[in-house]
Amino acid sequence: MASGTRTLALRHQFASAEQQKDASTLGMWIFLVTEIMFFGGMFCMYTVYRSLYATAFGAGSNHLDVTLGAVSTVVLIASSFTMALAVNSAETGNRRALITNLIITILLAAGFLVTEMWEWYQLHQEHLMPGSGFRFEGPDPGHVQIFFSMYFSMTGLHASHVLIGIGLLTVTAIRAARGTFPAGYSTPIEIAGLYWHFVDLVWIFLFPLYYLVARHAAHG
Amino acid sequence: MVTATQATRENYLNVNYGVKSWLLTEDHKRIALMYLVAITFFFFLGGAFATLIRLELLTPQGDLVSSHTYNKLFTLHGIIMVFLFLIPAIPATLGNFLVPIMLGAKDLAFPKINLASWYVFMIGGLFTMYAMLAGGLDTGWTFYTPLSTAYSNGYVVTTGVGIFIIGFSSIMTGLNFIVTIHRMRAPGLTWFRLPLFIWSMYATSLIMVLGTPVLAVTILLLAVERLFGLGIFDPNRGGDPVLFQHLFWFYSHPAVYIMVLPAMGVVSELVCAFSRKKVFGYNFIAFSSVAIAVLGFLVWGHHLFVAGQSVYAGMIFSFLSFMVAIPSAVKVFNWTATLYRGSISYQTPMLYAFGFIGLFTIGGLTGLFLATLGLDIHVTDTYFIVAHFHYIMVGGTLMAYLGGMHYWWPKMTGRMYPEGWSKLSALIVFLGFNLTFFPQFILGYLGMPRRYHAYPEEFQVLNVMSSAGASVLAVGYLLPMVYFIWSLRYGKVAPDNPWGASGLEWQTTSPPPPENFETTPVITREPYIFDPPVPEEVKVG
Amino acid sequence: MREALPLFPERASTMAGSVDSLYIFLIVVSVFFSLLIAFSIIYFAIRYRRRSETERPAPVHGGLALELVWTVIPFLLTMVMFGWGASVYFELYRPPDDAMNIYVVGKQWMWKVQHLGGQREINELHIPIGRSVKLTMTSQDVIHDFFVPAFRTKADVLPGRYTNIWFKPTKPGKYHLFCAEYCGTEHSGMIGWVYVMEPAAYEVWLAGGAAGGTLASNGEKLFQSLACSNCHRPDLTGRGPNLVGVFGRPVQLEGGGTVTADENYIRESILNPAAKVVAGYQPVMPTFQGLVTEEELLQLIEYIKSLSTPPAATPAAAPTPVRRKR
Amino acid sequence: MTDHIVSKKTYALIFATLLVLTGVTTAIGYVDLGRMNVVVALAIAAFKGVLVVLFFMHLAYSRRLTQLTIVAAFLWLSLLIALTLADIWSRGWIVGTGK
């Protein structure tokens, strides 16, 4: 993101290394603000439709696989944890641990995507993908489709962020392996970490909002 | 051309040459000029559409172009002017050029992102141009659903993608400015020593960063809905078209402040420089910018008073809309008070500043008409609206933009523009503008709806007046284009501070060196303090 | 009869005067402030023009009192505008109880009007002078907007929902009807005329236009032919709720909550029956989406309304028969 | 600013809490609490989110400006949602059913 290729070298517009680091971190946080508003527009639509069509949202939600949802939540939280460990390794100058943690993070992220694609595939098989092929046997199919439209838009947008995150982390891992970052220089890792934790943060909200709308109704 | 006097001094223009030195530059000043070229092109393109619109409206019958073509004309006029001209106009050109210099910095915090923003802008622009050439778009720039998702046969998705991309360039610029203003100020440059232009840029950037993503995601969903039939905005499935309008205006109303806050910043600079006085009520003007940015986010619902929004929400939004009028009024009063006991000169930028205050006052006051619930019902969606927002965006933003261009032109290019011609053009723009848009207020109250290709005959007189004004206005805009280009070669060589203005940008050379200052300046006092004049400048080698 | 260059459209409704007064008040305030600013600028610009290149004016320090004055006075003025504007708005959007109902369906690019007596018109609306008229409007495709400048009112006409405007004409004549929300290619062709008629002439017009029964009776026929009457019986034996007397009343919903049985609820219940099921009933009703047109929906609604109309409130001019049983 | 290095132990503790809370929220989802289901689910999600932001993202140790930035973002988002709902929820309050 905010880090160029000449990492440690002080870029000409900055007066000090501290100023450079401050600026990069603040830049990343402001980028995350735009991300919050980006997802926020969708959360706003979700809130409106859920408040209008609560029953249909419950019916739709009970067609999602809560086990898959919970598993992907755990996987993503674990990846966030290993990302945090990677930052810690970078700060303490432990390059081996840094690279290992980054690789685990990437693998967990890929695992998350696989579970999510599996969920999507199942929904597709059940004709619950919005569009011309959408079929829902229960009552109120129109509003249930809105539920699935919101589900696919939001998880799709989130998945694209996971994908970007995997790319970002891979680049970071390669650069770490090449020894681009001197010991103790952790800014690029921290910035990549901020992004990755944000991706986790969004899912922490998506999970209950989509998978746990009306579970009690489904199982008596 | 490089004259003898300039050749000796290294500046950002002569430091290196060639297409690559521009296209790969990370210098904020060069990027500003690249933006200038791009938006000037888009301005004249949007202007060409406007010309056709005004020609069509000369007669009540729709006889010049078909109704379908007419709809495309105003749609593209709107999209180009809003997204490709007005929003980037001041921030991406004057802002890009001036923010680091006014802060005493060598560049923006992220020069690469700055360059990327230009490319992103151009790619988005090209998408939009492609959609235009491929067959155009007829939804209006507002993309209201379900017309845009299910009924229009225009290039909605392509244009949507274009706007989505342009949004990112705006986000990048805003992000860069915020970080730069927080972290790159020269030693001693505290917040209350900042020029007011910087305050307005800061407020603008806040809106860009907080608002643009919401538009981006809304347009994205619109495109997906059109492609795959999601149903989110489709009333047949229980989707709510008014929800689209909420999300659209959550960005697009603050976007008006993205356009006008920078203009207010420019005018604050001009009024001080040409009355040689510290601005009256610095704190009030500075904070009013931030207040406008914040309150501006809470008033979007005043676009929906007749749209099927609840009456009670309408009352909340009306109240908040009146609130946002107050800081704007405070600014106008403070500018006027700044003139009191000043030393006022009538150079071209000041004429534009006067024009801005006048037209913006009318635009702002007619805004009150629209915030007034009972009155808005009658005038909304009529030419009254059209007149109102042109007074704000053209009378406000464009006047300030032109004023700012004249004021900083010597700094940007090292050349003076011809004073006589520029005064004439300022006068023509002011008169032409009023002739074009004032009749539209009356038209609107009489009930002529906007976006009408043909109209009842009783509205013709006022429409002819408006079209006549538009032709005057066109001359007013073409003139600066001609003499600015002329001045690049034949203009007088500009001194470092042709206006006797205060401000860091006037302490460096014209044009500035690649890193803006020979040595990092240290600031020890408040802005807008005018020193006694130094003896006529003797330029050092 | 009209001046060469009028500044106001005709005032032909009870609300026109209130809106115009509000408008004139705002113009007075605006002109005052515009002139104040313009004259101050011109006066200062001349009085304090630069006399020599070397002059440097003494700084004038800002005054808190002055800042407060020009913050508080505009604030108070805008609050007057807000209060006044809100009260006019409330009046404009709150139909009086005795208003006569007329149904409007917008489509690309025409207005279709149905009167209670069964009269239909396209791009024209005939109404009597001195009677409050409430329009219940919907669109069968995109968003339109019903705008009559002479009445100073308009409202968007949305697909999937009913919106209302009302007016009480005060002056006979022929007035413009515009579509004010951009609706596609022939947007500017989606115009028509509103004819305000003297009561006698209106009666003549009504008599000439009625063909094929009243709106409610057409609704009732539909109610039979679509087999609604199989389940919705006028007692408690049906599989669906009894609809007699239901209109305008709160309805208990399955799963908690209540909803008022207004036009929008009935519409939703026909097109999307499972969305809000009445307490004690199963969601067994099929959807009628695609089976009934917007106009037929309005007829059904009018029929259901007629099941609840107390005879006293029946409008005199529109011959609405109250037929509970056949 | 973030010269403060967060220890692995802290991270592990947060991780464990997040896992437990995920279990809790899933379990509570199966209990019928009426309207409180949404409230509880969102409260737990918000608490988890705060943990992630404060510790994984180091906001607890960041500059005041950074903290303000992120608070502002959520404030803005809540304004968007609140004012939109102000419309959605109060529709139909006025247009009386007439007769």
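Which residues of α1(C) are buried? In this predicted model, local features need pLDDT of at least 70 and side-chain atom pairs count only at pLDDT 80 or more, while totals for chains, interfaces and linings use all residues. Residues are numbered from 1 along each chain as its sequence is written, and chains are lettered from A and ligands numbered from 1 in the order in which they are written.

Helix α1 of chain C (residues 14–47) has 34 residues, helices being DSSP runs of H or I with at least four residues and strands runs of E with at least two, numbered from the N terminus. The buried residues of α1(C) are M15(C), A16(C), V19(C), L22(C), Y23(C), L26(C), F33(C), I37(C) and I41(C); buried here means 20 or more other C-beta atoms, placed from the backbone, within 10 Å of a residue's own. Their packing partners include α11 (311–339) and α12 (348–371) of chain B, along with α2 (64–93) of chain C.

Turning to chain A, 37 of its residues are in contact with 38 residues of chain D, contact being C-beta atoms, placed from the backbone, within 7 Å. On the chain A side, α1(A) gives the largest share, 13 residues.

Helix α1(A) also meets α7 of chain B (residues 156–183), with axes 9 Å apart and an angle of about 140 degrees; axes are lines fitted to C-alpha atoms over the stretch in contact, and angles run from 0 to 180 degrees between N-to-C directions. Among the residues making this contact are L26(A) and I30(A) from α1(A), and L175(B) and I178(B) from α7(B).

Terms used. Contact = placed C-beta atoms within 7 Å. Expected span 1.5 Å × (residues − 1). Buried ≥ 20, exposed ≤ 12 C-beta atoms within 10 Å, placed from the backbone.
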